[in-house]
Amino acid sequence: MKYTLFLGCTIPEKMNGYEASTRVVASELGVELIDLPDSGCCGSPIIRSIDEHYYTLLAARVLATAENMGLDICALCNGCVGSLIHANDALKKDDTLKEYVNNVLSDFDLEYKGTIEVKHFLKVLYEDVGLARIKEHLKIPFKDDLKVGAYYGCHMLRPYEIMHHGDPERPVQMDEIINMIPGISAGDYQGKISCCGAPVLSVNPDVAWRLTHRIISTAHAADLRALITICPFCSLSLDLNQIKVKELWNLDYEIPVLHLPQLMGLSMGFGVRELGLFENRVKSAMKFTQFLLKSE
Amino acid sequence: MTTEKVVRLSDVDLRLAEEFIEDLTFDLFACYQCGTCTGSCPVARFGGEEFSPRNIIRLIMMGDRDAVLHNSLIWLCTSCYVCEERCPQDVKPPEIIVKLRNIASKEDILPDAWPDIAANILTFGLMNEVGEYENKIRQTRFKLPELPTPDSDTIKKLAEKIKFDVLVHFKEKSGEKE
């Protein structure tokens, strides 16, 4: 299993723990990730809102670079995955758009051919590695029966007709992976498929914080011990902005937020440093190591 | 947004819809105003603002161009696509909102922060700079490899080629001159 790894903008700037834990978990599972050279913007939902043509060109540039390597893209950010899959889908269906894009890209010695797929790391785990193989590597159990909430984020799942990744309303993939970890189970909560608010942070932060609060508060109401994310923007909303939400709503609790590969990595035997757990903003995330049942 | 307004049939002007309707892969006018979109919308339910995909679609059908474009509300859609999944008529409000925002940006209407975000992409190749400092943090604190250098040159030239830089006033903002 070999992919080219596309990191996007937010992960290398402020979610290094997500990247670090992904790299060690992927390597443990035999997934080879080769960095995409000439990295750069995925097209971005914000750019798409300003000018769809420029968005499509940016996405096509990334897709064409990966095509030259002959590898499918593995991305870790829901925004990147959504941008790249939308553009890939539109370019495969619309010859006029493809011609327009290739006309512009030809000046830069690039050509979009439509030969590769874009996958979120969760999809790689669930569909390509498979639950059975993942289970073999999740060896170290957690002490108590810890119930945590899988938070998928929107652009991983919807729109289904383009993403083709499980039920857009009742997703199970991450829940099933979490349930493979001994001592941990995934629980439901009302905010599970509700937007984290990140896309409107740059427009109206009050609205964004209200959406974030909805997820944090419903996770708390369902007695969840942590929220598990697979997108840097979801993590930014739920983890980094939880401080703001806690202050605004006077919350007397906090919910640690871990990236999925961090949680998996703990059960694989990796430490706080290797998984970048010290970076997580809600510091009780670090306490998860204390729940591990260490072998004698 | 004023949601109660008398619209005379003689005033209905469908030019706004005509500006993008041919680019849609679905029938905008199939919307029968059931409100499933607004009822499913996290911003409408929890965002604390009077945001409604249903109203936006109705205003397009009534041709109230000004109410649609010169209104802060079209920028509050988070593109979570729950409304699109649930629409019984296969209308796709997030796609309509992308079209409206593209029209608005040509008229110089954008959220204040967005031209700066676009300027970052044209300058650094990413929404934010990942330079020497960030790479040092990556290597020393996280033992991560250096990030492959973004091809900011191509990204900027692509923008210039289709005049995206002009659209977001890139040169004026960054003070660059030809």
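Predicted model: local features only at pLDDT ≥ 70, side-chain atom pairs only at ≥ 80, totals over all residues.
Residues are numbered from 1 along each chain as its sequence is written, and chains are lettered from A and ligands numbered from 1 in the order in which they are written.

**Overall form of chain A**

- Chain A holds 15 helices and 8 strands, where helices (H or I, at least four residues) and strands (E, at least two) are DSSP runs numbered from the N terminus.
- For 296 residues a compact globule would have a radius of gyration near 19 Å, and chain A agrees with this at 19 Å; the radius is taken over C-alpha atoms, and the globule rule is 2.2 Å times the number of residues to the power 0.38.
- The C-alpha trace of chain A spans about 60 × 45 × 30 Å along its principal axes.
- Of the contacts in chain A with a separation of 6 or more, 77% are between residues 24 or more positions apart, two residues being in contact if their C-beta atoms, placed from the backbone, lie within 7 Å.

**Burial and the nonpolar core**

- In chain A, 60% of the 296 residues count as buried, a residue being buried if 20 or more other C-beta atoms lie within 10 Å of its own, exposed if 12 or fewer, and partly exposed in between, with C-beta atoms placed from the backbone.
- The largest nonpolar core has 152 residues, and those with the most contacts inside it are A:Leu58, A:Leu63, A:Ala75, A:Leu84 and A:Ile228; such a core is a set of buried Ala, Val, Leu, Ile, Met, Phe, Trp, Tyr and Cys residues joined through C-beta atoms within 7 Å.
- Helix H4 (residues 52-69) of chain A gives the largest share of this core, 10 residues.
- Apart from its neighbours within four places in sequence, A:Ala75 is in contact with A:Phe6, A:Gly8, A:Cys80, A:Val81, A:Leu84, A:Val118 and A:His120.

**Strand S1 and its partners**

- Strand S1 (residues 2-6) of chain A is mostly covered, with 4 of its 5 residues buried.
- S1(A) pairs in the parallel sense with strand S2 (residues 32-35) of chain A over 4 bridges and with strand S3 (residues 73-75) of chain A over 3 bridges; two strands pair if DSSP finds at least two bridges between them.
- A:Leu5 stands opposite A:Asp35 in S2(A), and its bridge partner in S3(A) is A:Cys74.

**Domains of chain A**

- The domain assignment gives domain 1 (2-121) and domain 2 (137-291), with bounds that come from an automatic or database domain assignment.
- The centres of domain 1 and domain 2 of chain A, taken over C-alpha atoms, are 24 Å apart, and the contact takes 24 residues from domain 1 and 28 residues from domain 2.
- On the side of domain 1 that touches domain 2, H2(A) supplies the largest share, 9 residues.

**Contact between the chains**

- The contact takes 50 residues from chain A and 52 residues from chain B.
- On the side of chain B that touches chain A, the largest share, 6 residues, comes from H10(B).
- The residues of that side of chain B divide into 33 nonpolar, 10 polar and 9 charged, where Ala, Val, Leu, Ile, Met, Phe, Trp, Tyr, Cys and Pro count as nonpolar, Asp, Glu, Lys and Arg as charged, and the others, Gly among them, as polar.
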